[in-house]
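Subject: Structure for you to look over

Dear colleague,

I am handing over the structure below, together with some notes on what was found in it. Please read the notes with the structure open beside them.

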Amino acid sequence: MTHVTRVLIVGGGPGGYEAALVAAQLGATVTIVDRDGVGGSAVLTDCVPSKTLIATADLMADVEESSELGMRFDGGGGAVDPRSAVTVDLKVVNDRVMTLARSQSDDIAGRLEREGVELVRGTGRLDGPQTVVARLAGGSERRYDADVVLLATGAHPRVLDTARPDGERILTWEQVYALDALPERLVVVGSGVTGAEFASAYHALGTEVVLVSSRDRVLPGEDADAAEVLEDVFTRRGMTVLSRSRAASVERAGDGVVVRLTDGREVTGSHCLLAVGSIPNTAELGLETAGVDTDEGGFIKLDRVSRTSARGVYAAGDCTGVLMLASVAAMQGRIAMWHALGDAVQPLNLKEVSSNVFTAPEIATVGWSQQAVDAGEIEARSLMLPLRGNPRAKMQGVRDGFVKLFCRPGTGIVVGGVVVAPRASELIHPVAIAVAQRMTVDQLAHAFTVYPSMTGSIGEAARRLHRAPEL
Ligand SMILES: Cc1cc2nc3c(=O)[nH]c(=O)nc-3n(C[C@H](O)[C@H](O)[C@H](O)COP(=O)(O)OP(=O)(O)OC[C@H]3O[C@@H](n4cnc5c(N)ncnc54)[C@H](O)[C@@H]3O)c2cc1C
């Protein structure tokens, strides 16, 4: 009789549930122990809710620009500028956000059940490398023995001792969906991806926004040219960006908040959103009982096929801190199962990951970055093409943004790219395919693009990177 592998997964976010689907497909017996709901933070509090909110913000940003394209709204007393005619009902927006998140979670639970995955609502911890103890809702405990364990417990928002969220005025990104009216003046602390996305969204929805950034510019981890475009757009649209400003504390003050900066300045607002990073959910996981090593930040150490330091124990997603993206969590989880269950597996390659900052405009990147090229980590030629020369961009009134490609100097193989544009998340895919398939700029240039289209600029950038053979 063949042995059926028992897989026990702690955490039902993208790292956990995508792994479960692979394990079930490969014939394992699979159990997921999850504390807060299948889909994880990605579906219930982070990725899905924020992108649903941003869908409304994107429409509002389009409305903002639409008067130039000739749009007028009938305000009863005659045609008026769309900017003053359209407002957002945040309660309706947030109800939609939460309904969509719950239904997405239910869809995933339904799919898992159809594939025969057992779902257990509870908090899991290791008791040695082959046992998971689940504390169930009523307080009782159940033990599960497993051949393979996957830890995919995610992360939670970091808060400062001097800035305690109260869920009313001082908020984490998980708490904003309880608001039933737009904040009048929102102070966003932190200008990484999450801070920039929320600042962009609330500003488009009609809130006055102050973005407190401890660095020289917003999005310190992203392409510097892209961040510069975004910061220009933010300030041109009326957002206040305080650079080189570190928040020391956030307190309630009457009906509002006061954010004190380390240099003594004070910023007041009606609400404050804290976006200062994430802490891995690894503290009470019993890692020491199994010999699973973590780094000084508490993130689980692992190799490129998701193995931890304990034999038979794998990890995936935000609890590993490798690259905090739902897509990467899902891939790490799948890789873990392909490896553990003996299927064909390729180690995780971060140089093929496409990612996006969902601001207006969006910033999408794939492969090697400008920072890496400048630091001499890879030799590459690059070309940046502003979108304002693109015919489709002109027709649509798009002025901000660019396409940038990186290729190897000799072979012309495409190794990375950046797109800054509305819906850049949809435009980066041809570049991602070129990177994954090791295509040359000439191969990319020879594929037809639609006329007129934004992707025409990707073809044009590739054409300009062509080198005559004798050069
Ligand atoms: C505001 C925001 C927006 C984002 N937007 C995007 C985006 O657009 N695209 C993108 O790719 N990524 C995005 N991310 C990142 C993405 O949400 C994470 O990378 C992703 O959620 C990681 O998945 P995961 O499976 O590791 O963990 P999670 O999604 O956090 O799921 C972990 C699950 O484990 C459960 N759990 C924790 N501890 C235990 C325990 N001891 N026992 C049982 N269960 C436990 C949790 O309750 C949770 O359900 C965003 C993040 C934030 C904060």
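Is the crossing of H3 and H6 left-handed or right-handed? Before the answer, please bear in mind that this is a predicted model. The crossing of these two helices, H3 and H6, is left-handed. Helix H3 covers residues 47-66 and helix H6 covers residues 193-205, and the two pack at an angle of about 45° with their axes 8 Å apart, so H3 and H6 are oblique to each other. On the H3 side the contact is made by Ser50, Lys51, Leu53, Ile54, Thr56, Ala57, Met60 and Ala61, while H6 brings in Glu197, Phe198, Ala201, Tyr202, Ala204 and Leu205. Sorted by class, the contact of H3 with H6 comprises 10 nonpolar, two polar and two charged residues.

H3 also packs against helix H5, which spans residues 90-114; the axes of H3 and H5 come within 9 Å and cross at roughly 140°. The crossing of H3 and H5 is right-handed. Val48, Pro49, Thr52, Leu53 and Thr56 of H3 make this contact with Leu90, Val93, Asn94, Arg96, Val97, Leu100 and Ala101 of H5. The residues of the contact of H3 with H5 fall into eight nonpolar, three polar and one charged. If you compare the two lists, you will find Leu53 and Thr56 of H3 in the contact with H6 and again in the contact with H5.

A further helix pair is formed by H1 (residues 14-25) and H9 (residues 326-340), which pack at an angle of about 35° with their axes 7 Å apart. H1 passes H9 in a right-handed crossing. The contact involves Pro14, Gly15, Glu18, Ala19, Val22 and Ala23 of H1, and Ala326, Ala329, Ala330, Gly333, Arg334, Met337 and Trp338 of H9. By class, the contact of H1 with H9 holds nine nonpolar, two polar and two charged residues.

For Gly15, a polar backbone atom is 2.9 Å from an oxygen atom of the ligand. A nitrogen atom of the ligand lies 2.8 Å from a backbone N or O atom of Gly124, whereas for Asp318 an N or O atom of the side chain is 2.8 Å from an oxygen atom of the ligand.

Finally, some details of the backbone deserve a mention. Ala360 and Pro361 are joined by a cis peptide bond with omega about 0°, and Pro361 sits in the loop between strand E20 (354-357) and strand E21 (362-367). The peptide bond from Tyr451 to Pro452 is also cis, with omega near -10°, and Pro452 is placed in the loop between helix H14 (441-446) and helix H15 (456-464). Arg423, although not a glycine, has a positive phi of about 60°; Arg423 belongs to the loop between strand E24 (414-421) and helix H12 (424-427).

Terms used: Residues numbered from 1 in each chain as written. Predicted model: local features only at pLDDT ≥ 70, side-chain atom pairs only at ≥ 80, totals over all residues. Heavy atoms only, no water. Axes fitted to C-alpha atoms, helices over the stretch in contact; angles between N-to-C directions. Helix = DSSP H or I, 4+ residues; strand = E, 2+ residues; numbered from the N terminus. Parallel < 35°, antiparallel > 145°, perpendicular 65-115°, else oblique. Left-handed = near helix turned anticlockwise from the far one by under 90°. Contact = heavy atoms within 4.5 Å. Nonpolar A, V, L, I, M, F, W, Y, C, P; charged D, E, K, R; others polar. Polar contact = N/O pair within 3.5 Å; in protein donor to acceptor, adjacent residues only side chain to side chain.
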